[in-house]
Amino acid sequence: MSATARPTIEHVFVLMLENRSFDNLLAFSGIPGIRHASPGDANTYRGSTYAVGAPGAPVAMPTDPGHEVADVVQQLCGRRGALVPWRSYPTAIDNSGFVSNYATTRSEFTKDSHRLPEPGEYRDVMACFDTPNQLPVLHQLATEFAVCDQWFASVPGPTWPNRFFLHGASSGGWADSPSLDVIKGWITSATKFRYPSGVSIFDRLSAAGRSWRVYGDTDGPPMGGVPLVAAITGVTYPDDIHSFSDFEPDLAGHYPYSYIFIEPNYGDVVGGSYVGGSSQHPLDGVARGEALIKSTYELLRSSSLWERSLLVVAYDEHGGFYDSVAPGAAPPPADGSPEAPSMNRRGFLFDHYGPRVPAVVISPWVSRGVDHTRYDHSSVPATIERLFGLAPLTARDRAANDLRHLLAEAAPRTDCPTVLSDPVPDPPRPAVSIGAADDEPLPASGTVHGTLAVLAAADLECSSGAIERGVVRDRIASLRTRGDARTYAEDVMARINDRRPG
């Protein structure tokens, strides 16, 4: 189809889950033509070789693989790999350090009660799912539409900066997970995360007279239902956030939204286990995430919007799991991102992609097949901008490949499935909880801090006068334990719910 004959896409839907590499979920999918790991790919650690496992990865990991910037450079470059602050990313990438990093990193831990993996578990980080039998929903969509085998995380690092790239083609100089210092900075300045340009894709759409909508999965632990996107200035929690339970009735009515972003439930964020969510976090199961993908697709497929819509299902970062393809150099955002040590302790220059992540592009205008085009999360705002005539946000999305060329069918397909396979139930979890006790100190960094920042911003919004806002700031400063965080979150969310109409 020529560029002038492209279909009219009025709605771009994005569902982003988390922390899985392309090979972890799709290497053994059996999809012809994908570039994937094989049993010949291996890591060596302490004299033992750990090859890419036969299909059948553990549904949930016993411990969380590292995925901070320092972890990823070790995973990609081996145990001697090191990032020199404010220097270009190392080029000697051989993907040899995944096992050694998993066996030794404590970047996700706060004290020794969070154990390191046992030697018999080292191979788990190399294992790949039996996709047709363990992930039937993802497998069906990847075989019915376009699966992208060169979609890279925007940052070789954790969840938060990668998600900021999705919404603004930059992380504002942020390379690490959020910390308590970041929260204190936000509430001191009475703001949240702000892009250096001051503009996100949501701002760009609003300025052009186009509306957007955010849904969060609230079917799970309450704090896990706080969308991370609400950390961005201009996206207000709870006013701009809608429960995923509203998705079906919304689609049945007037639907003016050009961009629709859907977030999973992150599970037990406070305890650090992430259990009970739908994000497919490595410590949690995968069935609830499969169910969220299935519901999103089926509701859109049965709606009147289907023939005017594009749906992207993607993952924010690789979560520390092995991937066989070396990520390459990336264009820095060149947006004046700050180099604050609290946000970028390792001196990363944003000049390199992170490991590959799964991504499927879905529309009746999209053919079945494998797409080898290089993408990163900035391809999402690039696609939205070029569909709707918006200016780019940074140099990253200006240079990014977009998804429009996948809209290649001459007419909307009539063979797209209306109902997907059912998710496979997760196996029973061990009786011993992997979540931390409430009396444990808060970790140095992690999703709990970013979520607390979103709640603190909402708390300040609910407060009237300098005295009440001072009380909020003092309370945030006094949080010491996971129990403190849980109590504070419950208090704020109760006040928010009392404020909601009806």
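Leu180, Ile183, Trp186 and Ile187 of helix α7 meet His449, Leu452, Ala453, Ala456 and Leu460 of helix α13; contact means heavy atoms within 4.5 Å. By class, this contact has eight nonpolar, one polar and no charged residues. Ala, Val, Leu, Ile, Met, Phe, Trp, Tyr, Cys and Pro count as nonpolar, Asp, Glu, Lys and Arg as charged, and the others, Gly among them, as polar.

The model is predicted: local features need pLDDT of at least 70, side-chain atom pairs count only at pLDDT 80 or more, and totals for chains, interfaces and linings use all residues. Residues are numbered from 1 along each chain as its sequence is written, and side-chain values use heavy atoms, with hydrogens and water left out.

**Helix packing around α7**

- Helix α7 spans residues 180-188 and helix α13 spans residues 447-462. Helices (H or I, at least four residues) and strands (E, at least two) are DSSP runs, numbered from the N terminus.
- The axes of α7 and α13 come within 9 Å and cross at roughly 20 degrees. Axes are lines fitted to C-alpha atoms, for helices over the stretch in contact, and angles run from 0 to 180 degrees between N-to-C directions.
- α7 and α13 are therefore roughly parallel (angles under 35 degrees count as roughly parallel, over 145 as roughly antiparallel, 65 to 115 as roughly perpendicular and the rest as oblique).
- On the α7 side, Leu180, Ile183, Lys184, Ile187 and Thr188 make the contact; on the α14 side, Arg473, Ile476 and Ala477 do.
- This contact of α7 with α14 has five nonpolar, one polar and two charged residues.

**Aromatic pairs**

- The structure holds 24 aromatic pairs. Rings of Phe, Tyr and Trp (its six-membered ring) pair if their centres lie within 6.5 Å; planes under 30 degrees apart count as stacked, over 60 as edge-to-face and the rest as tilted.
- Tyr50 and Tyr122 pair edge-to-face, at 6.0 Å centre to centre and 65 degrees between the planes.
- Tyr50 sits in strand β3 (48-51) and Tyr122 in the loop between α3 (98-104) and α4 (131-134), so the pair ties together parts 72 residues apart in sequence.
- Tyr50 and Tyr122 are both buried (buried means under 20% relative accessible area, exposed over 50%, partly exposed in between, with a 1.4 Å probe and protein chains only).
- Trp160 and Phe164 also pair edge-to-face, at 6.2 Å centre to centre and 65 degrees between the planes.
- Both Trp160 and Phe164 lie in helix α6 (159-168), four residues apart, about one turn of the helix.
- An α-helix has 3.6 residues a turn, so residues three or four places apart point the same way.
- Trp160 is buried at 2% relative accessibility, and Phe164 is buried at 2%.
- One aromatic cluster is formed by Phe13, Tyr215, Phe244, Phe247, Tyr255 and Tyr257.

**Helix α11**

- Helix α11 (379-388) is mostly covered, with eight of its ten residues buried.
- Those buried residues are Ser379, Val380, Pro381, Ala382, Thr383, Ile384, Glu385 and Phe388.

**Val275**

- Val275 lies in the loop between β8 (257-263) and α10 (287-301).
- Val275 is partly exposed, at 25% relative accessibility.
- Val275 and Arg429 are 154 residues apart in sequence and 10.0 Å apart in space, C-alpha to C-alpha.
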